[in-house]
Amino acid sequence: MSRIEKKIPFYDIGESYQELKSEIDSAVAKVLSSGWYILGKEVASFEEEFAEFIGTKYCVGTSNGLDALFLVLKAWGIGEGDEVIVPSNTYIATWLAVSYAGAKPIPVEPDIRTFNIDPALIEEKITKRTKAIIPVHLYGMPADMDPIMDLAEKYDLKVLEDSAQAHSAVYGNKKCGSLGTASAFSFYPGKNLGAFGDGGAITTNDRDLAEKVRCLSNYGSKIKYYNEYEGYNCRLDEIQAAILRAKLPYLDEWNRKRHLVAKEYYKIDNPKINLPYQGLQRENLQDDKICFVQPYSGIKSIPCWHQYVIMSEKRNDLQKYLNSLDIETMIHYPVPPHKQKAYSMMNNLSFPLAEQIAKQCLSLPINPFISNINLQYIINKIDASY
Ligand SMILES: *Cc1c(COP(=O)(O)O)cnc(C)c1O
């Protein structure tokens with residue numbers, strides 16, 4: 001195998017700019033010369049296009065994913081004294097949104113086969129204070145939503161999907177972001193659909209909720225200088241919306257390329273390494289995508305491969321070894337939320353599966369721009385590490 005010329009980056013976000021440079025430059029220039037930078041045509045058009053793309057009636061742009069989660073909780077009136085069920089295994093932003101609203105995050109362990117919240121473990125955590133469940137489609141694999149929606153109906157709870165890693169992931173015949181009562185997206189640059197700065201959105205079929213989120217995100221005001229609520233400033237801006245509009249038509253093609261990378265990674269042959277979703281039935285679809293059967297409900301799901309996460313008992317050694325061979329990898333995430341200083345009151349709690357994942361997980365480079373030569377190099381080196 002010929003040696004690569006330079007370090008293989010985990011994800012060079014600038015590459016999506018190079019690929020669409022002329023479209024993005026002209027979209028940005030159009031906004032700059034329009035003289036209108038906040039809540040204008042670009043945001044309104046993006047909201048319409050993204051709602052249609054996800055399959056919901058409404059979309060409201062927000063400043064980022066954390067604010068999108070937070071605004072939905074606030075709009076539902078969730079706060080002090082309330083409990084919200086969250087995965088023990090997630091990026092901390094899911095928890096922070098709950099804390100920020102003044103409520104308490106109640107962690108539930110994952111199904112280790114999917115990394116996502118285990119639907120069988122939720123019911124025992126529901127109390128009189130529980131107001132909502134936030135399933136996260138972690139790494140772009142849809143959480144098993146049907147049993148979660150059934151529980152929500154039984155106990156009259158809201159369901160807020162954290163779709164920050166699940167742009168265009170599919171569950172059954174619907175997209176993530178159209179499955180819960182509402183959903184939050186992030187357009188942080190490294191997400192599958194990324195802005196060139198911060199950005200986010202909520203999607204929902206609930207008109208009143210969409211209106212309230214819109215109002216809260218804009219100082220609690222519907223009519224300028226008249227304020228109905230003690231609101232916030234959490235708006236998506238025109239430049240980012242214009243960039244997202246330029247990128248959205250390429251998202252599915254970029255996701256298809258991620259599937260091709262994932263398919264190659266499934267050729268890794270090393271008994272010391274666990275490849276993701278190994279315990280699930282896997283099927284190759286005609287459009288090059290890979291489909292998995294949810295272990296609990298049996299619903300077919302197509303991830304969007306935000307991350308390709310392997311597990312190894314020798315994770316730290318493996319990462320060092322790959323780094324010495326100029327292969328950059330990442331750890332999503334090294335410390336679960338309940339072990340963070342920020343949640344010191346929960347540090348003594350034990351969530352063994354979340355802790356095991358934090359110790360063993362390693363994310364391999366996956367993005368639409370990896371060359372085949374680099375991909376084969378990574379696979380060969382991982383095989384050789386045995
Ligand atoms: C990125 C992310 C968020 C937060 O989004 P920001 O836009 O960075 O605020 C929330 N939840 C998950 C699971 C994420 O990956």
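A polar contact is a pair of N or O atoms within 3.5 Å; inside the protein, one atom must be able to donate a hydrogen and the other to accept it, and residues adjacent in sequence count only if both atoms are side-chain atoms. A polar backbone atom of Leu66 is 2.9 Å from an oxygen atom of the ligand, and a polar side-chain atom of Ser186 lies 2.6 Å from one.

The model is predicted, with local features needing pLDDT of at least 70 and side-chain atom pairs counting only at pLDDT 80 or more, while totals for chains, interfaces and linings use all residues. Residues are numbered from 1 along each chain as its sequence is written, and side-chain values use heavy atoms, with hydrogens and water left out.

The residues around the ligand (each with a heavy atom within 4 Å of it) are Asn64, Gly65, Leu66, Tyr91, Ala93, Val136, Asp162, Ala164, Gln165, Ser186, Lys191 and Gly199.

Next come the helix pairs. Helices (H or I, at least four residues) and strands (E, at least two) are DSSP runs, numbered from the N terminus. Axes are lines fitted to C-alpha atoms, for helices over the stretch in contact, and angles run from 0 to 180 degrees between N-to-C directions.

Helix α2 (residues 21-34) packs against helix α8 (residues 238-247) at about 150 degrees, with the axes 9 Å apart. The two are therefore roughly antiparallel, a term for angles over 145 degrees, whereas those under 35 are roughly parallel, 65 to 115 roughly perpendicular and the rest oblique. Their crossing is right-handed, that is, the near helix is turned clockwise from the far one by less than a right angle. In contact (heavy atoms within 4.5 Å) are Ile24, Ala27, Val28, Val31 and Leu32 of α2 and Glu238, Ile239, Ala242, Ile243, Ala246 and Lys247 of α8. By class, nine of these are nonpolar, none polar and two charged; Ala, Val, Leu, Ile, Met, Phe, Trp, Tyr, Cys and Pro count as nonpolar, Asp, Glu, Lys and Arg as charged, and the others, Gly among them, as polar.

Helix α4 (residues 65-75) meets helix α7 (residues 207-217) at an angle of about 115 degrees, the axes being 9 Å apart. This crossing is right-handed. Leu71, Val72, Lys74 and Ala75 of α4 touch Leu209, Lys212, Val213, Leu216 and Ser217 of α7, giving six nonpolar, one polar and two charged residues.

The axes of helix α9 (residues 251-265) and helix α12 (residues 372-384) come within 10 Å and cross at roughly 30 degrees, which means that α9 is roughly parallel to α12. The contact joins Val261, Glu264 and Tyr265 of α9 to Leu375, Gln376, Ile378 and Ile379 of α12.

Two loops remain. Most residues other than glycine have a negative phi, and most peptide bonds are trans. Phe115, in the loop between β3 (104-108) and β4 (130-133), has a positive phi, near 70 degrees. The peptide bond from His332 to Tyr333 is cis, with omega near 10 degrees; Tyr333 is in the loop between α10 (315-324) and α11 (352-360).
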